[in-house]
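The structure is shown first, and the description follows.

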Amino acid sequence: MQFIKPGINIDFVGKRKIAFTISLLLIAVSIVTLIVNQGPRYGIDFAGGTLVQVKFAKAVTIDRIKSGLETIDMTASAVQQFGHAADHEYLIRTDTATTAVEGLAERIETGLKASTGVDAETRRVEMVGPQVGKDLREKALFAMFYSLLFITVYISGRFEMKWGKSAIVAAAIMAAVYLLSLFNVSIPFLMLAALIVSLVVFWFFEFKYAMGAIVALIHDVTITVGVFSIFDKEFTLPIVAALLTIIGYSLNDTIIVFDRIRENLRKYHKEPMMTILNKSVNETLSRTILTSGTTLIVVIALFVLGGGIIHDFSFALLVGVMVGTYSSVYVASPILLAWQNRRK
Amino acid sequence: MIAAVILAAVIYVIPTFRPGIWPHKKINLGLDLQGGMHLVLEVEADKAVENTVERLAQEMRDMLRKEHIRTLAFERVEGIKIAVKVPDETNIASFDDLLDKEFRDVRVADRTVKDGVLDIVLDLPDKEIERIRQLAVAQALETIRNRIDQFGVSEPDIRIQGEQRILVQLPGIKDTQRAKDLIGKTALLEFKLVDETHDVQSALDGNVPASSEILYETKEDPATRRTQKIPFLVKKRTALTGAYLTDARVQIDSQYNEPYVSITFDKKGARLFERITAENVKKRLAIVLDGNVYSAPVIQEKIAGGEARITGSFTTNEARDLAIVLRAGALPAPVQILEERTVGPSLGTDSIRMGLLSMCVGGILVVLFMAVYYKASGLIADFALILNILLIAGGLAIFGATLTLPGIAGIILTIGMAVDANVLIFERIREEMGLGKTPRAAVDAGYDRATLTILDANVTTLIAALVLFQFGTGPVKGFAVTLSLGVVASLFTALVLTRAVFDYVLIHRKIRTISI
């Protein structure tokens with residue numbers, strides 16, 4: 001069986017203007033929603049607060065839950081249904097970390113039993129103090145930063161075969177970050193600065209592959225974060241893990257296309273760049289579709305059947321895998337072409 | 001080599017399903033899967049420094065009185081400094097003398113003499129403060145570990161995190177509140193004199209003398225299970241704390257056959273205790289634990305030798321609990337719960353069920369798809385995929401890593417991505433065959449050309465996974481572990497295992513065509 005017949009030649013690169021427009025639009029929407037929502041909505045992992053997951057024996061109304069919480073002097077910032085409606089499970093959130101409250105679980109159980117008349121079982125309690133939340137936020141950002149750094153170095157070294165220069169890239173990024181950190185710049189801006197520095201250095205050294213890969217990567221992460229912001233989903237530690245996985249996955253896709261481009265450049269060095277790019281994308285198309293397909297199958301299985309706790313996590317993967325596949329075809333390769341045209 | 005790897009994986013995986021077959025460990029389940037409690041505590045180490053200074057100030061005050069050195073002012077400032085005003089030259093001389101003799105490790109932060117009055121601010125050297133803080137954290141860790149050991153939790157994980165935080169993980173705990181109480185209790189033992197010059201009743205009505213406070217003794221009648229609160233009016237000033245304890249044991253009074261707790265003070269504590277008891281014979285000394293009065297016996301005589309008894313109408317169990325808390329020691333400083341994550345056992349079971357279900361469904365769909373799309377070669381890839389999962393499980397067991405819910409997600413993701421390597425190879429083989437090569441040549445060329453691509457593609461994922469491992473905590477770390485194992489396992493199955501299968505089929509079975 002074969003989806004894609006050999007010798008197929010879809011003009012992917014020719015559609016790059018449309019693709020760039022779509023991408024820019026998506027990124028713009030992501031950034032605008034992020035600005036409107038004042039950054040991603042941090043979950044308690046990063047913002048601090050308390051989260052209680054309660055399971056009721058029978059159906060109850062959210063109003064009853066809220067009034068029950070009031071009787072025990074708990075002001076919930078949000079009560080929402082969790083998982084399938086048939087489970088009668090609810091998430092209760094408060095903004096403050098209730099460290100001082102003794103026997104929170106028991107008090108909630110009795111308070112809710114009194115107001116709803118239904119037995120309540122506390123299934124999960126998570127409390128993160130503000131200080132820890134801040135630490136976790138920093139740690140997560142550092143994780144993103146270092147993976148970006150290492151991947152940048154690896155790509156520039158591996159693809160351009162200039163490990164010496166890739167060491168310079170790393171040094172430049174680290175120097176920039178070190179200098180900025182002296183001025184107490186917040187970490188998101190540090191990352192932004194690091195990315196800009198690496199792009200400038202790539203430009204300087206003419207690392208076109210690395211440039212394409214990094215742009216595709218920024219594209220994917222921005223859009224995934226944007227989608228999270230649009231759906232008003234919470235940003236938690238597992239979501240950061242998902243983002244890093246998406247980074248890995250997206251690069252994986254991009255690298256395979258790039259590998260083929262390099263191979264074809266040697267093979268058909270007389271052909272124009274555009275033809276080679278299209279040929280390479282088409283040759284790897286079968287693999288791209290298959291791998292994305294199987295990955296999507298399992299991610300969808302996880303999304304549908306995995307249960308509420310990893311629902312958002314699998315949602316992030318779902319969005320990321322789709323965007324990552326798209327970007328390796330429509331974003332990463334056309335950048336190589338743009339580079340080529342610039343030099344003429 | 002392949003057989004050895006598979007065998008090793010099987011050996012390590014089997015104990016998970018049939019515990020006790022051989023002495024290898026089974027795969028650890030994370031707290032999110034088996035239920036349990038994750039706490040991050042912060043030791044308020046500054047408090048320990050303050051306590052040290054407070055003790056020092058008290059000692060100094062006593063010494064000054066004993067040596068008849070006059071002071072105009074003596075106060076603690078900013079919690080960690082002692083400010084003293086000393087008048088007269090001779091007085092100043094003997095004060096300096098006292099400092100040199102008895103308080104050698106105290107630092108003079110500021111010293112001015114104006115109009116014959118010495119203004120001196122004393123504090124502790126930075127090194128000493130740092131030492132106290134570190135000691136406080138280490139001691140808190142030890143104390144909490146002791147308490148949890150006595151609480152009886154299997155495989156607790158207690159460790160210092162950062163500078164003054166303690167991470168406590170208690171898998172399988174059901175009574176989380178009890179565990180929290182036990183861990184969070186400061187267990188600060190204090191001896192305070194009962195204020196017998198004032199009336200408890202009038203104090204309860206609001207006339208509390210400035211130097212005294214009301215503390216309660218809570219008594220539970222074992223028969224009626226009713227609690228009773230008995231008020232005590234005690235001096236605010238702590239005569240002695242449990243910090244000077246070296247041991248606490250339950251003993252039985254031979255005369256009345258009643259249990260009591262025998263405590264032993266260190267040298268300094270013994271000296272202090274002797275003086276307090278000598279000065280307050282026939283008065284009551286309240287034994288206060290975390291602000292609650294335990295008992296308030298009447299001092300019969302001066303007690304020398306550094307041994308004391310805490311008597312009361314204890315049951316043997318109560319006496320034993322008291323001894324445990326005293327022996328495990330007070331936390332050197334209060335702890336604050338910074339982060340708490342509790343997962344009920346029922347939720348854990350549900351999570352496992354759903355995780356495994358989605359894993360099976362996703363896996364089966366992928367296996368079917370590969371078999372349909374690549375026919376016989378697809379079956380080889382499926383075989384590799386199943387071994388892949390086995391290898392991840394084996395890897396988890398070998399490294400003693402913890403399987404978490406995101407970890408299961410990591411395995412599921414690996415299933416999707418593991419076929420990637422095979423897809424790359426198979427597509428190459430198809431291309432080569434399309435160019436008219438023989439199956440063997442096509443397979444060789446396919447593997448050769450795909451290998452570098454596969455390595456490149458996986459290294460980046462591995463980088464992301466390793467960084468996640470370095471920075472991640474708890475479940476995220478679990479995810480990073482399974483993802484890394486997945487990448488390594490899929491490299492092995494795709495580049496070594498399926499290759500071997502193809503070679504076997506094509507060379508030894510002399511099969512001329514290839515079903516792909």
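B:Thr342 counts as buried because its relative accessibility is 9%, and buried means under 20%. The model is a predicted one, and the values below are computed from it.

**B:Thr342 and its surroundings**

B:Thr342 belongs to strand S18 of chain B, which covers residues 335-343. Its side chain makes a polar contact with the side chain of B:Glu340 at 3.0 Å. When neighbours within four places in sequence are left aside, B:Thr342 is in contact with residues of both chains: A:Arg123, A:Arg124 and A:Val125 from chain A, and B:Gly36, B:Met37 and B:Thr176 from chain B.

B:Glu340, the polar partner of B:Thr342, also forms a salt bridge with B:Lys180, with the closest N and O atoms 3.0 Å apart. This pair links distant parts of the chain, since B:Glu340 lies in strand S18 of chain B and B:Lys180 in helix H6 of chain B, 160 residues apart. Both B:Glu340 and B:Lys180 are buried.

**Strand pairing between the chains**

Strand S18 of chain B pairs with a strand of the other chain: 5 bridges join it to strand S4 of chain A (residues 120-128), and the two run antiparallel. Within this pairing, A:Glu126 stands opposite B:Arg341. B:Arg341 in turn forms a salt bridge with A:Asp45, the closest N and O atoms being 2.7 Å apart.

A:Glu126 is also the salt-bridge partner of A:Arg124, at 3.2 Å between the closest N and O atoms. A:Arg124 counts as buried because its relative accessibility is 9%, and A:Glu126 counts as buried because its value is 11%. Salt bridges with shared partners join A:Asp45, A:Arg124, A:Glu126, B:Glu339 and B:Arg341 into one network.

**The interface as a whole**

The size of an interface is often given as the accessible area lost when the parts come together. Between chain B and chain A, about 5900 Å² is buried, and carbon and sulfur atoms give 64% of this area. On the residue level, 61 residues of chain B are in contact with 65 residues of chain A.

Across this interface there are 8 salt bridges, and 18 residue pairs are in polar contact, with both residues at pLDDT 80 or more. On the side of chain B that touches chain A, at least two residues each come from helix H6 (176-184), S18, helix H10 (345-398), helix H11 (405-434), helix H12 (439-471) and helix H13 (474-508). Helix H10 of chain B gives the most to this side, with 17 residues. By class, the side of chain B that touches chain A consists of 34 nonpolar, 13 polar and 14 charged residues.

Another group of paired strands lies within chain B. Strand S6 of chain B (residues 117-123) is mostly covered, with 5 of its 7 residues buried. Strand S4 of chain B (residues 81-87) runs antiparallel to S6 of chain B and is joined to it by 6 bridges; here B:Lys85 has B:Asp119 as its bridge partner. Strand S5 of chain B (residues 107-114) is likewise antiparallel to S6 of chain B, with 7 bridges between them, and B:Asp110 has B:Val121 as its bridge partner.

S5 and S6 of chain B form a hairpin with 2 residues between them, and B:Asp115 in the turn has a positive phi of about 55°.

**Salt bridges compared**

Side chains of opposite charge can pair when their charged atoms come close. Over all chains the count comes to 49 salt bridges. One of them connects B:Asp126 with B:Arg107 at 3.6 Å, N to O. This pair, too, links distant parts of the chain: B:Asp126 is in helix H5 of chain B (residues 126-151) and B:Arg107 in strand S5 of chain B, 19 residues apart. B:Asp126 is exposed because its relative accessible area is 52%, whereas B:Arg107 counts as partly exposed because its relative accessibility is 31%.

| Salt bridge | Closest N to O distance |
|---|---|
| B:Arg341 and A:Asp45 | 2.7 Å |
| B:Glu340 and B:Lys180 | 3.0 Å |
| A:Arg124 and A:Glu126 | 3.2 Å |

Terms used: Residues are numbered from 1 along each chain as its sequence is written. Chains are lettered from A and ligands numbered from 1 in the order in which they are written. This is a predicted model: local features need pLDDT of at least 70, side-chain atom pairs count only at pLDDT 80 or more; totals for chains, interfaces and linings use all residues. Side-chain values use heavy atoms; hydrogens and water are left out. Helices (H or I, at least four residues) and strands (E, at least two) are DSSP runs, numbered from the N terminus. Buried means under 20% relative accessible area, exposed over 50%, partly exposed in between (1.4 Å probe, protein chains only). A polar contact is a pair of N or O atoms within 3.5 Å; within protein, one must be able to donate a hydrogen and the other to accept it, and residues adjacent in sequence count only if both atoms are side-chain atoms. Contact means heavy atoms within 4.5 Å. Buried area is the accessible area (1.4 Å probe) that two parts lose on being put together, summed over both. A salt bridge is a side-chain nitrogen of Lys or Arg within 4 Å of a carboxyl oxygen of Asp or Glu. Ala, Val, Leu, Ile, Met, Phe, Trp, Tyr, Cys and Pro count as nonpolar, Asp, Glu, Lys and Arg as charged, and the others, Gly among them, as polar. Two strands pair if DSSP finds at least two bridges between them.
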